[in-house]
Amino acid sequence: MQHGIDQVLAKHSMIPVVTVNSKEETDIVMNRLLEQNIHVAEITLRTEYALTAIAHVKKNYPTIDVGVGTVISIGQVAPLVDLGVDFIVSPGATMDLITHLKDGTIPFIPGAVTPSEIMSGLEMGLTTFKFFPANLFGGIDALKAYGQVFPAVKFCPTGGINGTTHSDYLALSNVISVGGSWMLK
Ligand code: 3PG
């Protein structure tokens with residue numbers, strides 16, 4: 001099953017996607033989030049500093065739920081278990097990754113943007129997906145259509161969302177939360 005991710009997302013209507021290269025940058029970003037009363041961050045595994053940043057935030061920012069993004073292979077997962085991260089985000093989904101994560105202890109959300117990808121995920125017991133890059137895969141209109149076809153499926157659209165459009169996404173009944181970097185620009 002895909003335990004826990006709906007509860008994590010329900011707590012946070014906006015998921016900031018954060019890519020950091022140093023402790024200084026991490027502190028600046030986390031404090032900017034806290035100033036906006038945002039208590040979650042998806043830290044991407046796109047920099048050499050990412051794992052150190054995750055450990056730093058877990059230790060020093062106890063009110064922030066720490067997600068880890070850009071997880072694209074099962075080899076990346078073990079250190080995240082050791083770090084006690086709060087959730088895992090993938091831009092897509094492979095059977096290997098889903099199989100590895102769905103019975104694990106960390107809530108996770110894989111990506112799906114086409115009907116076939118959503119159906120493959122449903123076959124594996126998943127019902128909540130990242131929709132990425134949302135602006136390039138049909139955005140709000142696509143999610144409205146998926147609401148008709150897949151009424152049990154929930155999404156966290158991410159990519160190309162901004163301070164104006166995020167509320168339009170959140171108004172959709174099949175959107176739990178929205179991700180992006182607009183709140184840090
Ligand atoms: C990403 O993976 O970089 C996120 O989707 C952020 O996208 P954004 O910068 O377009 O919000």
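Guide: Start with a term. A pocket is an open set of grid points with protein on both sides within 12 Å along at least five of seven lines, and lining residues have an atom within 4 Å of a point. Keep in mind that this is a predicted model.

Visitor: How many residues line the second largest pocket, and which lie nearest its centre?

Guide: There are 17 lining residues. Nearest the centre are A93, I98, G111, E117 and S120. The space in this second largest pocket is about 170 Å³.

Visitor: Which helix gives the most to that lining?

Guide: That is α6, with three residues. Both α5 (95-102) and α6 (115-123) supply at least two. By class, the lining of the second largest pocket has 11 nonpolar, five polar and one charged residue.

Visitor: Now the largest pocket. How much space lies in it?

Guide: About 290 Å³. It has 20 lining residues, and V17, V18, G180, S181 and K185 are the closest to its centre. The element that gives the most to this lining is α2, with three residues. At least two residues come from each of β1 (14-18) and α2 (23-35).

Visitor: What classes of residue make up the lining of the largest pocket?

Guide: Eight are nonpolar, six are polar and six are charged.

Visitor: Where does the ligand sit?

Guide: In the largest pocket. The residues around the ligand are V17, R46, F132, T158, G159, G160, G180, S181 and K185. This shell counts two nonpolar, five polar and two charged residues.

Visitor: Which atoms of R46, G160 and S181 come up against the ligand's oxygen atoms?

Guide: Take them in turn. In R46, a polar side-chain atom lies 2.6 Å from an oxygen atom of the ligand. For G160 the atom is a backbone N or O, 2.7 Å from a ligand oxygen. S181 uses a polar side-chain atom, at 2.5 Å from an oxygen of the ligand. Cover is the next thing to read. The ligand on its own has 310 Å² of accessible area, and the protein covers 79% of that.

Visitor: Which residues line the largest cavity?

Guide: They are L9, I15, E42, F87, V89, I109, K130 and C156. Six of the lining residues are nonpolar, none is polar and two are charged.

Visitor: Last, the backbone. What should I look for?

Guide: Look for exceptions. Most residues other than glycine have a negative phi, and most peptide bonds are trans.

Visitor: Which two residues does a cis peptide bond join?

Guide: F132 and P133, with omega at about -10°. P133 belongs to the loop between β6 (128-131) and α7 (139-149).

Definitions and conventions:
Residues numbered from 1 in each chain as written. Predicted model: local features only at pLDDT ≥ 70, side-chain atom pairs only at ≥ 80, totals over all residues. Heavy atoms only, no water. Near = heavy atom within 4 Å. Polar contact = N/O pair within 3.5 Å; in protein donor to acceptor, adjacent residues only side chain to side chain. Areas by Shrake-Rupley, 256 points an atom, 1.4 Å probe, with all protein chains shown as cover. 1 Å grid on protein atoms, 1.4 Å probe; cavity = no way out; pocket = protein on both sides within 12 Å on 5 of 7 lines; lining within 4 Å. Sits in = over half its atoms within 2 Å of the grid points. Nonpolar A, V, L, I, M, F, W, Y, C, P; charged D, E, K, R; others polar. Points joined across faces, edges and corners; volume = space filled by probe spheres on them. Helix = DSSP H or I, 4+ residues; strand = E, 2+ residues; numbered from the N terminus.
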